Amino acid sequence: MLNSILNQAQQKAVLTHDGPILVIAGAGTGKTRVLEHRTFELIKKGIDPKSILLLTFTRRAAAEMLARAARHDRRAQDVSGGTFHSFALATLQRYGKAVGLETFTVLDRGDSEELIGKIISDLRLGSKKYFPKKHTVLNILSKTINKDISVEQILEDEYPHLYEWAQAIELVGINAAKYKRQRNLLDFDDLLYYLHSILEENEMIRSKIHEKYHYIMVDEYQDTNKIQAKIVHQLANGSGNILVVGDEMQSIYRFRGAEFTNMIEFPRLFIKTQQIPLETNYRSTKEILNVANNVLDQVEGEGFKKHLTSDRSGQKPEYHQFKSSRKEAEWIAEKILSSSRNGESLDEIAVLFRAAYQSAPLEIELAARGIPFKKFGGIRFVETAHVKDVLAHLKVVVNHFDELAWRRILLLIDGIGEKSVENIMTRSDLSELKGQTLLEQSGYFKLRPLFELLMKINKEELTSSEKLSEIINYYKPILRSKYDDYPQREQDLDALIELSQPYEKDEDLLNDFALDPPDQSAMEITTADNEYVTLSTVHSAKGLEWGTVFVIQAQEGKFPIVRPESKQVDIEEERRLFYVAVTRAKKRLFITSSHGSMRGFYDSWYMSKMSRFVEPMIESKVVESNLLQESNPWKSPFSKNYSFGSSVSDIPEEDVDEF
């Protein structure tokens, strides 16, 4: 029977039951089917379902796998399945007394943030200028547990601009831990920490757990963090019957603490590990897999580097360059419209991007053509707080009576609160843009920088993009004081400038954003059967598939996101993200990039170069290429003909104007 359902490699994974097993499951190779049938085969063999433990990253995934196994044998419903955290909770509820946890309450993420906020306030750190916000402090402390490294190392690797606060953040962590212990509170990280402690330090409890679970399976092993890998090792040291399934090329959650190296280390931890690679892909055509395998060949460092195969042929993937992000968006929108007219369901079309803001031009173009879509990953570009802050400054120049915009920009000023705003709004004539008059009327000289800005940009000869550039220069210190992730948010503001370049009138720019909000358009524009195009970050697309996939903004600085301080480990994470993106496509794959005029707004070399992931594809001829006329600015910095001396400022004047 298995011969008709599973291929040879899958059968081996299903029928090999004893000892440590590493299933290296490439994208679309049927790992879920393997876990489903392996569970059934273990039960059929006479193994007590209650002695089987299945660990996943979502309850939904565990429930789906066990439900599929239960279709073959109802006893599969008795298998212990769940997430690492749910397993930790159940274990601590039973054995918590060993670590002083007779009764306890689990804090959700919101409660944990509030607790950190209270500790920050108690230590009087909240009044310190530029001290990180409570959610950032919580993230940092969480990673010290999940990655098993110090606060200093976390800050050095991920938050170098916050390094001066290392000792203060450690103190917050110490006080928060003390507060929780005194009140029998645990957060999500504590669940893993105490489970690990019990397994590591209490031999009696460890033995009881080993006696209970004889067969352990772990899904998505590439997404485990350090402490989860230690827990798996401790659990498996009982019977030794441990199977983990994963693909190091789909490890894209490093920002959460995931360590793809856990996959690499598994055979070293378990000396007699049987490695079973799943390489037959059931999702994509061989032409799309040629692109995926090309990305795989680019990987630097350790990895299993398994090439995917398929017996299905189809259309060769395409790579297109455009002069601007707007031209790129127009082409994609027309392509989607054409596909829909030719009978392709919109539900089978997806547009993937590295960061949520990158879809902004396309959202506008889709809405203008009445193409329904839904966006996943991040929030709407125009709804982000920092973009709304910047646009509010432009609004008061366009309409002096816009009280909502005035209130928003006034509240951004340090020392100006709601009462102050009310006084200013009451005592001042908001239609008067003469800064000195308003200052005298309001009595708030803290407003001087704001009104100097408004005077500066209230000139008809300035373009919208020039005005936004001045606003952003004024706003950046505010941005840095409000948001710990300001480097990422600054990229959104760069994108806002780029989006504004085609507009001659401020009113047209503001109206376009107001009249075509992406989510509203997605809900209002419907078809008979409610089909829609999916717009998604790559992170949100993991595990999904579509007939046609567009991977957009494939240029240096956007995909991959690279900065001067980027390390090779960062580049490899970006490469894995690109791999995940292209392997979502079943039949057709389009990769696009834009290389518009950036003079006066960008001076970074990497914002206009072809993605380093794409150039090898062109050289290997695994994609059909439609390139702009060759010129240094469009070439990758890794091209044989590339000179690091070239930059946007080196382009001849006439070439810059053309683009």
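**Entry 1, the sheet.** I looked up the strand order and found an open sheet of six strands, β3-β2-β6-β7-β1-β8, with parallel pairing. β3 (80-83) and β8 (274-278) stand at the edges with a single partner strand each, so one side of each has no neighbour in the sheet. Neighbouring strands here are turned by 15° against each other on average, direction ignored. I noted two terms: helices (H or I, at least four residues) and strands (E, at least two) are DSSP runs numbered from the N terminus, and two strands pair if DSSP finds at least two bridges between them.

This is a predicted model, where local features need pLDDT of at least 70 and side-chain atom pairs count only at pLDDT 80 or more, while totals for chains, interfaces and linings use all residues. Residues are numbered from 1 along each chain as its sequence is written, and side-chain values use heavy atoms, with hydrogens and water left out.

I followed strand β2 (residues 52-56), which pairs with β3 in the parallel sense over four bridges. The bridge partner of leucine 55 in β3 is glycine 82. Helix α2 (residues 8-15) packs on the sheet and touches β1 (21-25), β7 (242-246) and β8, and its direction makes about 140° with that of β8. Helix α13 (residues 261-269) also packs on the sheet, touching β1, β7 and β8, at about 150° to the direction of β1. Contact means heavy atoms within 4.5 Å. Axes are lines fitted to C-alpha atoms, for helices over the stretch in contact, and angles run from 0 to 180 degrees between N-to-C directions.

I checked α6 (residues 109-122), which has 14 residues and reaches 20 Å from its first C-alpha to its last, close to the 20 Å expected. The expected span is 1.5 Å times one less than the number of residues. Which residues of α6 are buried? They are Ser112, Leu115, Ile116, Ile119 and Ile120. Seen down the axis of α6, they fall within an arc of 140°, so they line one face of the helix; the arc is that of the directions from the helix axis to the C-beta atoms. Buried means under 20% relative accessible area, exposed over 50%, partly exposed in between (1.4 Å probe, protein chains only). What covers these buried residues includes α7 (134-146) and α9 (166-182).

I looked at asparagine 146, which is found in helix α7. At 6% relative accessibility, asparagine 146 counts as buried. Not counting residues up to four places away in sequence, asparagine 146 touches Asp189, Leu192, Asn225, Lys226, Ile227 and Arg256.

Most residues other than glycine have a negative phi, and most peptide bonds are trans. I listed some that depart from this. Arginine 124, which follows α6, has a positive phi near 60°. Asparagine 184 has a positive phi of about 55° and lies in the loop between α9 and β5 (185-186). Is asparagine 184 buried or partly exposed? At 30% relative accessibility, asparagine 184 counts as partly exposed. Glutamate 220 has a positive phi near 50°, and at 19% relative accessibility it counts as buried. The peptide bond from phenylalanine 559 to proline 560 is cis, with omega near 15°. Proline 560 is in the loop between β13 (546-551) and α27 (568-582).
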